[in-house]
Amino acid sequence: MADSGVVETLLQRIEKADDGVDSLNVAASLGVDHQVIVGAVKSLQALGDIISADLRSSKHWELTVEGSEIAEQGSHEARVFSSIPLEGLAQSELMKLSFGKIGFSKAMSNKWIRVDKTQEGGPRIFRAVENIEDQVREKLLQVQKGNFSQLDEKEKNELKKRKLLSEVTVKSYWITKGSSFSTTITKQETELTPEMIATGSWKEKKFKPYNFEAMGVAPDCGHLHPLMKVRTQFRQIFLEMGFTEMPTNNFIESSFWNFDSLFQPQQHPARDQHDTFFLSGEAACLCCSDRRYDKEAQKNILRTHTTAVSARMLYKLAQQKFTPVKYFSIDRVFRNETLDATHLAEFHQIEGVVADYGLTLGDLMGILHQFFTKLGITKLRFKPAYNPYTEPSMEVFSYHEGLKKWVEVGNSGVFRPEMLLPMGLPEDVSVIAWGLSLERPTMIKYGINNIRELVGHKVNLQMVYDGPICRLDS
Amino acid sequence: MPTVGIKRDLLFKALGRTYTDEEFDELCFEFGLELDEITSEKEIVSREQGDTKASDASDVILYKIDVPANRYDLLCLEGLVRGLQVFKNKLEAPRYRRISPVNGDPQKLIITKETAAVRPFAVAAVLRNITFTQERYDSFIELQEKLHQNICRKRSLVAIGTHDLDTISGPFTYTAKPPGDISFKPLNQTKEYTATELMSLYKTDSHLRHYLHIIEDKPVYPIIYDSNGIVLSMPPIINGDHSKITLQTKNVFIECTATDLTKAKIVLDMMVTMFSEYCSQPFTKEKLSGEFINRKVGINESTEKIAQLLTRMCLLSRATGVGDEIEVEIPPTRSDVIHACDIMEDAAIAYGFNNITRTTPRAYTVANQFPLNKLTELLRQDLAAAGFTEALNFALCSEEDIADKLGKKISETRAAHISNPKTAEFQVARTTLLPGLLKTIAANRKMPLPLKLFEVSDVVLKDETKDVGARNSRRFCAVYYNKSPGFEVIHGLLDRTMQLLEVKSARGEGYHIQAADDSTFFPGRCAEIIVRGKTVGRLGVLHPDVINRFELTMPCSAMEIDIEPFL
């Protein structure tokens with residue numbers, strides 16, 4: 001904060017001046033350094049429109065160190081002249097003086113002195129004139145007084161050449177009254193305080209303006225994981241559509257429910273060691289005591305799809321009087337796959353199932369259209385596909401505006417009668433279903449290229465901290 | 001999904017017109033195929049083996065087309081073109097029939113009982129008066145290979161042998177003998193080997209060694225002879241050199257040996273129907289109603305129109321005139337048709353999936369959340385509000401993660417073990433959420449302290465009372481990682497959690513904690529969490545050894561509880 005005395009004096013000067021004052025002049029007249037005035041100007045500017053200050057620059061001449069010495073003691077040639085007594089001085093003596101060498105040649109060219117080389121003991125210097133006029137000193141004294149306009153350009157340049165003068169650029173402010181000019185300034189408050197509110201003193205106070213360019217202080221908070229945020233949205237969509245959540249909290253499943261019940265033959269490639277995780281040891285399989293299933297069906301595995309749970313649910317449904325149902329689940333499934341940037345050994349499967357009398361392929365496409373519309377996807381088309389337990393089977397494609405092409409977004413189909421009839425469902429009941437992964441739409445939504453940055457311990461926590469809320473349809 | 005590579009120009013020639021890549025892609029999409037890649041031999045070789053090797057390769061344009069796994073009839077150029085042409089109404093659906101040879105009886109393949117011990121089934125057929133060109137020959141071999149890899153399950157279910165019939169004479173015998181008693185000159189070899197010698201010879205063959213295990217340990221090996229004792233093949237390994245087919249071959253003898261008779265018949269049907277109009281299998285006929293198709297697809301077409309749709313899919317159909325009955329001929333090429341719904345699908349494809357009116361199911365249903373998931377969702381929100389950040393870790397991990405690193409023995413963990421993990425990362429299903437959170441911290445050590453993480457997710461525990469011998473358990477785990485252990489922070493989170501779950505701090509009906517010994521935690525800094533008299537989890541300051549084993553450097557406190565008791 002600038003010295004308040006200087007600030008007040010400056011304000012008084014401005015008040016008196018009609019068309020403003022120059023900060024340099026003020027500094028000179030107050031006998032303070034120019035920077036002190038600059039500080040006062042800056043602090044007044046921070047208070048609002050008390051003053052207005054225009055930055056201007058001007059050139060002026062200053063004496064160099066050598067120039068100042070001359071202004072004080074006379075030019076070298078003049079000092080040479082005055083050091084020579086009437087009887088003269090040996091040249092060697094003269095040269096010993098600090099100004100001797102330069103002064104000698106200058107005084108010679110002014111014809112103020114002469115040299116007599118015939119004298120005994122070397123050359124001797126004598127005055128050549130009675131009096132001299134030290135014009136250099138006079139000129140420098142004028143400059144020192146600030147009257148540099150009395151010198152013409154040629155003279156100034158000559159002195160500059162002799163390194164006695166230098167030209168400097170000075171920045172100064174031209175200060176005029178601002179729109180809210182006042183000679184008295186009140187101290188600005190930084191923050192509103194309880195006392196100000198209690199006493200009402202805030203009404204008289206001025207407040208320091210905020211810097212709205214700066215960032216705020218980050219709140220101290222916890223964050224939900226992006227994939228789980230997307231999961232919440234998908235759950236919400238299913239619930240909005242009247243779908244009931246299936247209990248999928250059983251990662252370990254028997255091959256029977258995972259494959260056999262879904263019409264997946266026992267030699268099917270998906271049942272291979274390199275696609276499915278098998279569990280070690282002989283699991284005690286209570287339901288198999290009557291040898292209903294063979295050894296292959298009894299093998300316990302990590303489920304490869306949540307459709308195993310759908311199969312269990314449909315079987316349960318078939319054991320009671322049939323009523324239409326809509327089911328969904330979002331949970332982990334496991335594949336013994338080779339890992340890369342988009343594949344992990346486990347991922348989340350989203351699945352929807354509808355069972356009712358007389359469902360058509362048109363119903364399946366209609367419900368998929370409604371589902372994907374809630375995700376913000378309206379352009380859909382369907383491709384015939386193959387899946388062991390659905391017939392017809394359709395891959396769902398949506399038009400990706402960014403990639404300018406159709407991309408697969410899910411799989412769907414009508415469950416085969418070979419799957420439904422053995423469960424005991426009525427013959428005219430159809431079951432339509434679809435599935436997709438949770439990770440893929442999440443990676444697209446949040447622009448993540450490597451799945452490992454999203455799922456698992458190698459997650460980038462900064463990404464979790466910075467994640468926006470999830471609205472799938474916007 | 002198998003992929004077939006087909007030369008584009010040959011394909012267009014067979015289709016009788018050219019397509020732009022986009023047009024062809026569109027046609028594939030409608031028919032249920034996918035134009036996966038447009039490439040050339042040169043590009044493939046250059047990608048796999050480098051540019052230098054690629055210089056001699058052909059740069060003829062290849063279409064790589066993905067074919068659905070049940071459509072074996074589309075695995076070669078011939079079948080694919082036939083399917084597409086009929087679909088586009090350019091060709092009538094072919095009818096296959098068996099013919100007898102002009103002179104003499106049909107060939108016979110006699111199967112002896114010895115084969116029961118190793119490979120009990122065999123079927124055979126003859127293709128007569130065939131003319132091979134290089135392309136047709138290549139396609140023939142390629143189809144055989146595709147079938148071997150897919151439906152034949154790498155020759156374990158079915159193996160195909162093809163022979164020049166004019167070099168051998170029937171009847172043929174399919175039998176099985178001890179390997180030492182078998183001796184013949186195998187394909188592309190110059191001398192005779194015994195079967196035992198062959199097995200060691202092919203141990204180093206990059207192609208054949210994959211099939212040796214199918215019969216290697218059997219006491220007898222399958223073998224096919226002609227009437228003069230010439231070896232046709234030793235399935236599923238190798239054919240004899242004597243009967244090999246060439247471009248000049250006119251009559252082809254095809255045998256399929258198998259452990260699965262249905263699959264053997266499908267494979268033989270594919271081989272003969274793809275390469276000839278002459279076939280040993282008559283077609284079968286199915287009857288179904290037009291109403292069935294309309295009802296299942298959700299369309300309203302006349303019986304005649306539906307018959308036309310099916311015919312376009314190579315299912316020769318006609319309205320019988322009896323009500324809305326349609327008679328459909330299922331050619332031997334369409335082994336995928338096993339139920340009326342398969343015929344219905346073909347009608348829908350021919351109609352065009354994208355032409356079907358989209359409707360909404362009428363059923364009124366009320367949605368219910370799974371209570372455990374509902375609790376999880378609500379709890380997660382409030383745990384984040386309590387200042388903790390959610391992590392998401394794998395359900396699979398190494399034995400070390402859940403045992404050694406936590407100072408426990410693997411035998412104490414009740415972990416379900418995986419018998420065929422590809423890496424140590426997937427040896428067991430996790431029994432605790434703690435290792436995942438500690439690994440998350442280790443991977444994020446550059447982040448500013450403190451790190452406060454939580455996860456609400458399932459672990460898996462062995463449980464003999466369950467049909468699969470194991471069950472999930474929903475856990476809540478939290479860790480606090482900072483320059484000081486912050487036991488009070490974790491303890492405070494437990495208090496807050498109990499508040500959220502409406503459990504009061506009290507012995508008996510409420511919750512309390514009590515000192516416990518646990519090798520994961522620093523001695524004297526671990527407590528059991530007891531809710532309504534039952535232990536639901538633990539909290540405490542982690543043991544420095546545990547911190548070190550997870551490559552961490554700061555003190556850390558943690559809690560883990562089972563949330564299912566709060567339902």
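## Strand 20 of chain B and its neighbours

Strand 20 and strand 21 (residues 470-481) of chain B run antiparallel and are joined by twelve bridges, where strands and helices are DSSP runs numbered from the N terminus (E, at least two residues, for strands; H or I, at least four residues, for helices), and two strands count as paired if DSSP finds at least two bridges between them. Within this pairing, Ser457(B) has Arg475(B) of strand 21 as its bridge partner. This is a predicted model, in which local features need pLDDT of at least 70 and side-chain atom pairs count only at pLDDT 80 or more, while totals for chains, interfaces and linings use all residues. Residues are numbered from 1 along each chain as its sequence is written, chains are lettered from A and ligands numbered from 1 in the order in which they are written, and side-chain values use heavy atoms, with hydrogens and water left out.

Strand 20 of chain B also pairs with strand 17 (residues 389-390) of chain B, here in the parallel sense and over two bridges, and Glu390(B) has Phe454(B) of strand 20 as its bridge partner. Eleven of the twelve residues of strand 20 (residues 451-462) are buried, so the strand is largely enclosed by the rest of the structure; buried means under 20% relative accessible area, exposed over 50%, and partly exposed in between, with a 1.4 Å probe and protein chains only.

## The seven-stranded sheet

These strands of chain B belong to an open sheet of seven strands with mixed pairing, in the order 17-20-21-25-24-23-22. Strand 17 and strand 22 of chain B stand at the edges with a single partner strand each, so one side of each is left without a neighbour in the sheet. Elsewhere in chain B, strand 23 (residues 521-531) and strand 24 (residues 534-542) pair in the antiparallel sense over seven bridges, and Phe521(B) has Leu542(B) of strand 24 as its bridge partner.

## Cavities

The structure holds five cavities of 30 Å³ or more. A cavity is a set of points, on a 1 Å grid over the protein atoms alone, where a 1.4 Å probe fits but cannot get out, and its lining residues have an atom within 4 Å of a point; grid points are joined across faces, edges and corners, and a volume is the space filled by probe spheres set on the points. The largest cavity has a volume of about 210 Å³ and is lined by 20 residues, of which Arg231(A), Asp331(A), Val456(B), Ser457(B) and Arg474(B) lie nearest its centre. Two or more lining residues come from each of helix 11 (226-240) and strand 12 (325-334) of chain A, and helix 12 (371-385) and strand 20 of chain B, and strand 20 of chain B gives the most, with four residues. The lining divides into six nonpolar, four polar and ten charged residues, where Ala, Val, Leu, Ile, Met, Phe, Trp, Tyr, Cys and Pro count as nonpolar, Asp, Glu, Lys and Arg as charged, and the others, Gly among them, as polar.

The second largest cavity holds about 130 Å³ of space, and of its 16 lining residues Phe31(B), Pro68(B), Arg71(B), Glu345(B) and Ile349(B) lie nearest its centre. Strand 14 (380-387) of chain A and helix 11 (340-351) of chain B each supply at least two residues of this lining, which divides into nine nonpolar, two polar and five charged residues.

## Cysteines

Over all chains the structure holds zero disulfides, a disulfide being a pair of cysteine sulfur atoms within 2.5 Å. Cys256(B) is in no disulfide, and the nearest cysteine sulfur, that of Cys152(B), is 7.1 Å away; Cys256(B) counts as buried, at 0% relative accessibility. The sulfur of Cys526(B) is 13 Å from the closest cysteine sulfur, in Cys477(B), which is too far for a bond, and Cys526(B) is likewise buried, at 5% relative accessibility.

## Backbone features

Most residues other than glycine have a negative phi, and most peptide bonds are trans. The peptide bond from Leu449(B) to Pro450(B) is cis, with omega near -5 degrees, and Pro450(B) lies in the loop between helix 14 (434-443) and strand 20 of chain B. A cis peptide bond also joins Glu391(A) and Pro392(A), with omega about 0 degrees, and Pro392(A) is found in strand 15 (residues 390-400) of chain A.

Arg155(B) has a positive phi, near 70 degrees, and is buried, with a relative accessible area of 9%. Glu502(B) has a positive phi near 60 degrees, but this residue counts as exposed, at 71% relative accessibility.

Terms used: 1 Å grid on protein atoms, 1.4 Å probe; cavity = no way out; pocket = protein on both sides within 12 Å on 5 of 7 lines; lining within 4 Å.
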